[in-house]
Each structure stands twice: as structure tokens, then as C-alpha cells.
Amino acid sequence: MAESGKEKIKWTTTIIISSSLKSYEVATALENRSHKVRYSDSVENGSIIFSLSGVAFLLMDTKECILSTEETLLAKIEKFINIHQNSFLVLSAALHGPEEWKLMFRIQQRFLGRNLRILPVHNTVNAINLMCTIAKTTSKPYIDSICYRMITAKAYIIEQSPVWKTLQKIQLNSDSVNPN
């Protein structure tokens with residue numbers, strides 16, 4: 001978040017990672033980014049939780065999803081989204097072909113209207129960048145900054161809008177015609 005003249009501050013947070021991911025590249029990559037990583041056996045296998053941001057990610061390989069039974073897959077996702085209010089399913093595949101898109105469509109149909117978002121990724125770097133960006137933008141100091149900037153932008157757009165200027169002229173004209 002480098003702004004004019006301000007030094008870029010490195011963002012770090014506490015991350016709870018499923019013990020099943022301990023030997024995976026994703027855990028090492030998060031540790032290398034200087035995050036405080038804690039491993040837990042009590043969270044769903046394949047899950048990564050950014051507790052301060054309130055977001056949780058379930059990492060799954062699309063090939064494994066396609067090979068497993070649909071009931072097992074959907075039950076695992078169901079359990080995950082029942083626990084986590086703000087949940088993301090990270091589906092990893094080197095190439096998202098017709099089978100992978102069909103899988104994503106089936107999952108979307110099943111969980112339509114629920115608190116699950118699906119993120120297709122191609123590799124670990126892609127997954128880490130997406131997870132950290134989402135977690136960072138939903139963390140307290142950053143969300144406050146984003147809200148402030150959105151309100152400021154909205155005010156500027158309204159102020160500079162030709163429609164707004166026309167409405168102001170109409171209002172001024174009606175005030176001069178009907179001085180109450």
C-alpha cells in the first residue's frame with residue numbers, strides 16, 4: 001500500500017494451517033513471507049485460516065476431487081462452510097479444462113447462495129498471492145482504509161457528475177422562480 005511519499009509496510013498476520021499441509025510448498029511459502037504460521041490437527045484437512053481477517057481457504061487438487069466420490073467431496077466442503085463464515089475453495093490444476101470447469105459448476109450449483117467462493121488456481125504462487133490479497137484486504141486496518149477511499153471516490157464522482165450539476169442548476173432555477 002505504497003502511497004505518494006509513504007514507505008511500503010510489510011503485511012504479516014497469524015495463519016492457522018492444517019497439519020496435513022505441513023510438508024507442502026504452500027506452508028513453506030507462507031512461512032517464507034514472514035507470517036506467523038501455526039499448525040493444527042483440529043482444523044479440516046487442507047485448510048488455511050487467516051484468523052485476524054476472518055477468512056478460511058480449503059485447498060483441493062482438482063484431479064483428486066474428480067477421482068473422489070461426489071458425496072465425500074460435497075460433505076467435506078459442506079462441513080468447511082458450516083464452520084467458516086467467510087470461506088473460499090481453492091481448486092488447483094495446471095490447466096482448467098472441461099472436466100475441471102464441470103467440477104466447479106457442480107460445486108457452484110450445490111452451494112449456490114451459500115458463503116462459499118471458488119478460486120481456480122494454477123500453482124502455489126498463484127494460490128498464495130490470491131489468499132494473501134484477500135486476507136490483507138479484509139483485515140481491519142486495510143478494510144477501514146479501503147472504505148474511506150471508496151467513500152471519498154464516491155463523493156468525488158457525485159460532485160463531478162454532469163447529472164449532479166444539472167440537478168443543482170434545476171434546483172437553483174426553481175429557487176429563483178419560487179422564493180419561499
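**View A. Leu58 sits in strand β4.** The model is predicted: local features need pLDDT of at least 70, side-chain atom pairs count only at pLDDT 80 or more, and totals for chains, interfaces and linings use all residues. Residues are numbered from 1 along each chain as its sequence is written, and side-chain values use heavy atoms, leaving out hydrogens and water. Strands (E, at least two residues) and helices (H or I, at least four) are DSSP runs, numbered from the N terminus. Leu58 is buried, with a relative accessible area of 1%. Buried means under 20% relative accessible area, exposed over 50%, and partly exposed in between (1.4 Å probe, protein chains only). Leu58 touches residues including Glu44, Asn45, Gly46, Ser47, Lys76, Ile77 and Phe80, not counting residues up to four places away in sequence. Phe88, Leu89 and Val90 are also among its contacts. A contact means heavy atoms within 4.5 Å. Leu58 and Ser87 are 29 residues apart along the chain, and their C-alpha atoms are separated by 7.7 Å.

**View B. β4 pairs with β3 and with β5.** Two strands pair if DSSP finds at least two bridges between them. Strands of a sheet pair through backbone hydrogen bonds, either parallel or antiparallel. β3 and β4 run antiparallel and are joined by four bridges. Ser47 has Leu58 of β4 as its bridge partner. β4 and β5 run parallel, with six bridges between them. Phe57 has Phe88 of β5 as its bridge partner, and Met60 has Leu91 of β5. Six of the seven residues of β4 are buried, so this strand is largely enclosed by the rest of the structure.

**View C. The β3–β4 hairpin has four residues between its strands.** Gly54, in the turn, has a positive phi of about 75 degrees. Ser53 lies in the loop between β3 and β4. Is Ser53 buried or exposed? Ser53 is buried, with a relative accessible area of 8%. Not counting residues up to four places away in sequence, Ser53 touches Trp11, Ala135, Lys136, Thr138 and Ser139.

**View D. Six strands form an open sheet with mixed pairing.** The strand order is β2-β1-β3-β4-β5-β6. β2 (36–40) and β6 (116–121) stand at the edges; each has a single partner strand, so one side of each is left without a neighbour in the sheet. From one strand to the next, the twist averages 20 degrees. α1 packs on the sheet, where it touches β1 (14–18), β2, β3 (47–50) and β4. The direction of α1 makes about 150 degrees with that of β2. Helix α4 (residues 98–110) also packs on the sheet, touching β5 and β6. The direction of α4 makes about 170 degrees with that of β6. Axes are lines fitted to C-alpha atoms, for helices over the stretch in contact, and angles run from 0 to 180 degrees between N-to-C directions.

View E. Val37 counts as buried, at 11% relative accessibility. What does Val37 touch, not counting residues up to four places away in sequence? Its contacts are Ile15, Ile17, Leu30 and Glu31. The C-alpha atoms of Val37 and Ile48 are separated by 9.8 Å, and the two residues are 11 apart along the chain.

**View F. The largest pocket holds about 530 Å³ of space.** Of its 22 lining residues, Leu21, Tyr24, Leu59, Met60 and Asp61 are the closest to the pocket centre. At least two lining residues come from each of α1 (25–32), β4 (55–61), α2 (62–67), α3 (70–83), β5 (87–92) and α5 (124–137). The lining divides into 10 nonpolar, eight polar and four charged residues. Here Ala, Val, Leu, Ile, Met, Phe, Trp, Tyr, Cys and Pro count as nonpolar, Asp, Glu, Lys and Arg as charged, and the others, Gly among them, as polar. On a 1 Å grid over the protein atoms alone, a pocket is an open set of points with protein on both sides within 12 Å along at least five of seven lines, and lining residues have an atom within 4 Å of a point. Points are joined across faces, edges and corners, and the volume is the space filled by probe spheres set on them (1.4 Å probe).

**View G. The whole chain has seven helices and six strands.** Along the sequence the pattern is β-α-β-β-β-α-α-β-α-β-α-α-α. Of its 180 residues, 34% count as buried. Among contacts between residues at least 6 apart in sequence, 65% join residues at least 24 apart.
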